[in-house]
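The following report concerns selected local features of one protein chain. Please consult the sequence and the structure alongside the text.

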Amino acid sequence: MSGVFVTGTDTGVGKTVVAAGIAGAMRRDGIDVGVMKPIATGIPKENGFKSSDAELLAKIAGSTDPESEINPIFLPLEASPLTASRTLNMDIKLDKVFSAFKSLTGKHEFVIVEGIGGVMVPIKQDYFVIDMIKEMNIPVLIVSRAALGTLNHTLLTVRACREYDLNVAGIVINCVRANNIIEKTAGEIIHELTGVFVIGSIPFVEVFDANSVIDLVSKHVKYDLLIS
């Protein structure tokens with residue numbers, strides 16, 4: 001089994017688009033890919049998946065796996081899992097996460113797991129996203145935004161991963177504006193300061209659909225480097 005855990009330097013950096021695009025591109029290449037959003041929070045959708053992120057991930061990846069495996073835990077409040085579970089008085093059962101993960105890794109060649117927020121987002125009082133990655137024992141792909149502040153956020157994320165002895169497989173910088181020299185050179189500086197390869201620099205786009213996401217990611221991300 002091989003796979004990757006897609007995390008972000010913050011919330012809203014484009015993890016879902018990157019994870020889904022890579023999954024769709026691999027599937028188009030003939031690789032049997034499974035996708036997973038272990039924990040999601042937010043306003044539930046009325047139809048289909050409760051999580052819009054999980055639904056987009058499954059749709060672009062062409063997944064037919066059940067929602068209970070793709071998104072085993074959903075908390076209907078837009079907050080960290082710890083905050084949402086306490087506010088809603090709902091217990092987060094991590095055994096559901098790892099049971100689903102085991103099932104997906106047992107039936108797919110490659111599994112792409114999308115986290116929630118960044119690596120230090122709390123799931124329980126003494127359990128963070130980074131602990132989940134450690135238990136899953138798969139490499140990490142970090143998605144960062146091109147905007148001001150990305151050097152600090154990205155370096156902190158890499159440092160946290162290394163303190164946990166995680167394998168950082170690469171970094172993808174999202175929403176790079178072509179006319180912004182600072183954003184265009186961010187990848188070079190990140191690689192210089194971390195030693196981690198920036199395997200993708202995705203340009204900013206206003207509107208996208210499933211097919212354009214796959215084309216965008218396959219063109220701008222060297223996702224083949226993730227396959228072990």
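In this predicted model, Asn137 is placed in the loop between helix 6 (129-136) and strand 8 (140-145). The phi angle of Asn137 is near 60 degrees, a positive value in a residue other than glycine. With a relative accessibility of 66%, Asn137 counts as exposed, because the cut-off for exposed residues is over 50%. Asn89 also has a positive phi, near 55 degrees. This residue, Asn89, belongs to the loop between helix 4 (81-88) and helix 5 (94-107), and Asn89 is exposed at a relative accessible area of 72%.

Salt bridges form the next topic. Side chains of opposite charge can pair when their charged atoms come close. The count for this model is eleven salt bridges.

| Pair | N to O distance |
|---|---|
| Glu114 and Lys37 | 3.0 Å |
| Glu55 and Lys45 | 2.9 Å |
| Lys50 and Glu67 | 3.5 Å |

The salt bridge between Glu114 and Lys37 links distant parts of the chain, 77 residues apart: Glu114 lies in strand 5 (residues 110-118) and Lys37 in the loop between strand 2 (33-36) and strand 3 (39-41). Glu114 is buried at 1% relative accessibility, and Lys37 is buried at 4%. Lys37 and Glu114 are also linked with Asp53 in a network of salt bridges.

Glu55 and Lys45 form a salt bridge. Glu55 is in helix 2 and Lys45 in the loop between strand 3 and helix 2, so this pair ties together parts that are ten residues apart in sequence. Glu55 is partly exposed at 26% relative accessibility, as is Lys45 at 28%.

Lys50 meets Glu67 in a salt bridge. Lys50 lies in the loop between strand 3 and helix 2, and Glu67 in helix 3 (residues 67-70), so the pair connects parts 17 residues apart in sequence. Lys50 counts as partly exposed at 37% relative accessibility, and Glu67 is partly exposed with a relative accessible area of 23%.

Helix 2 also takes part in helix packing. The axes of helix 1 (residues 15-28) and helix 2 (residues 52-61) come within 7 Å and cross at roughly 20 degrees. Helix 1 and helix 2 are therefore roughly parallel to each other, and helix 1 passes helix 2 in a right-handed crossing.

On the surface, Leu151, Ile189 and Leu193 form a nonpolar patch with about 230 Å² of accessible area together. Leu151 is located in helix 7 (residues 150-163) and counts as partly exposed at 32% relative accessibility.

Technical notes:
Residues numbered from 1 in each chain as written. Predicted model: local features only at pLDDT ≥ 70, side-chain atom pairs only at ≥ 80, totals over all residues. Heavy atoms only, no water. Patch = residues over 30% accessible without salt bridge, like charges linked within 9 Å, V, L, I, M, F, W, Y side chains within 5 Å. Areas by Shrake-Rupley, 256 points an atom, 1.4 Å probe, with all protein chains shown as cover. Salt bridge = Lys/Arg side-chain N within 4 Å of Asp/Glu carboxyl O. Helix = DSSP H or I, 4+ residues; strand = E, 2+ residues; numbered from the N terminus. Buried < 20%, exposed > 50% of the residue type's maximum accessible area, 1.4 Å probe, protein only. Axes fitted to C-alpha atoms, helices over the stretch in contact; angles between N-to-C directions. Parallel < 35°, antiparallel > 145°, perpendicular 65-115°, else oblique. Left-handed = near helix turned anticlockwise from the far one by under 90°.
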